[in-house]
Amino acid sequence: MTADDLELARGLLTDGFSRTAEALPHLLAGALGDVVANVPQRELAVSVAAGSFRDGSRVSASPPQRTAEFIATNRDAAAAARQAAARLEAAATAIENGDRAALAQWLAPGAEVRAEFEARDSGSVSDIAVA
């Protein structure tokens, strides 16, 4: 890692964007869990849940109080939550309209970002030493 890379990492670890990227998955997992927890046949829903539920809810295994502490100190997370809610509303509209093309277009950025994440060669965040 070059000195420039290190400086960039320092900035990313302290800016609102990076903290939001860390907070938003917890908020989305919380929403997923809340929806499943409140379905009429919760036990059945949990028993048939598969890999997508496992992956989408993984961060919910963190203690809720601890997660709330780090998210509550990040005001940028509120804007990200609102943006995600608006995006989910757009997906709901596409589903209601049976608009497969709009839904595929809605899903495409997520697939692209996930592919970028998987292809990165920088290792995990724990591999980055910040002095």
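Which residues does Gly-56 touch, not counting residues up to four places away in sequence? The answer is Ala-29 and Leu-32, where touching, or contact, means heavy atoms within 4.5 Å.

## What you're looking at

This is a predicted model, so local features need pLDDT of at least 70 and side-chain atom pairs count only at pLDDT 80 or more, while totals for chains, interfaces and linings use all residues. Residues are numbered from 1 along each chain as its sequence is written, and side-chain values use heavy atoms, with hydrogens and water left out.

The protein chain has seven helices and zero strands, giving the pattern α-α-α-α-α-α-α as you read along the sequence. Helices (H or I, at least four residues) and strands (E, at least two) are DSSP runs, numbered from the N terminus. Of the 131 residues in the protein chain, 15% are buried. Buried means under 20% relative accessible area, exposed means over 50%, and partly exposed sits in between (1.4 Å probe, protein chains only). Now take contacts between residues at least 6 apart in sequence: 72% of them join residues at least 24 apart.

Gly-56 counts as partly exposed because its relative accessible area is 33%. Its C-alpha atom is 7.9 Å from that of Leu-28, a residue 28 places away along the chain.

Ala-68 belongs to helix 5. With a relative accessible area of 38%, Ala-68 is partly exposed too. The C-alpha atoms of Ala-68 and Ala-23 are separated by 9.4 Å, and these two are 45 residues apart along the chain.

## A loop residue tucked away

Asn-74 lies in the loop between helix 5 (64–72) and helix 6. Is Asn-74 buried or exposed? Asn-74 counts as buried, because its relative accessibility is 4%. A polar atom of the Asn-74 side chain lies 3.1 Å from the backbone nitrogen of Asp-76.

## Helix 6 meets helix 7

Two packed helices are described by the angle between their axes and the distance between the axes. Helix 6 (residues 76–96) and helix 7 (residues 100–119) pack at about 155 degrees, with axes 8 Å apart. That makes helix 6 roughly antiparallel to helix 7, since angles over 145 degrees count as roughly antiparallel, under 35 as roughly parallel, 65 to 115 as roughly perpendicular and the rest as oblique.

So who meets whom? From helix 6 come Arg-87, Leu-88, Ala-90, Ala-91, Ala-94 and Ile-95, and from helix 7 come Ala-102, Leu-103 and Trp-106. By class, this contact has eight nonpolar, no polar and one charged residues. Ala, Val, Leu, Ile, Met, Phe, Trp, Tyr, Cys and Pro count as nonpolar, Asp, Glu, Lys and Arg as charged, and the others, Gly among them, as polar.

Key
Axes are lines fitted to C-alpha atoms, for helices over the stretch in contact, and angles run from 0 to 180 degrees between N-to-C directions. A polar contact is a pair of N or O atoms within 3.5 Å; within protein, one must be able to donate a hydrogen and the other to accept it, and residues adjacent in sequence count only if both atoms are side-chain atoms.
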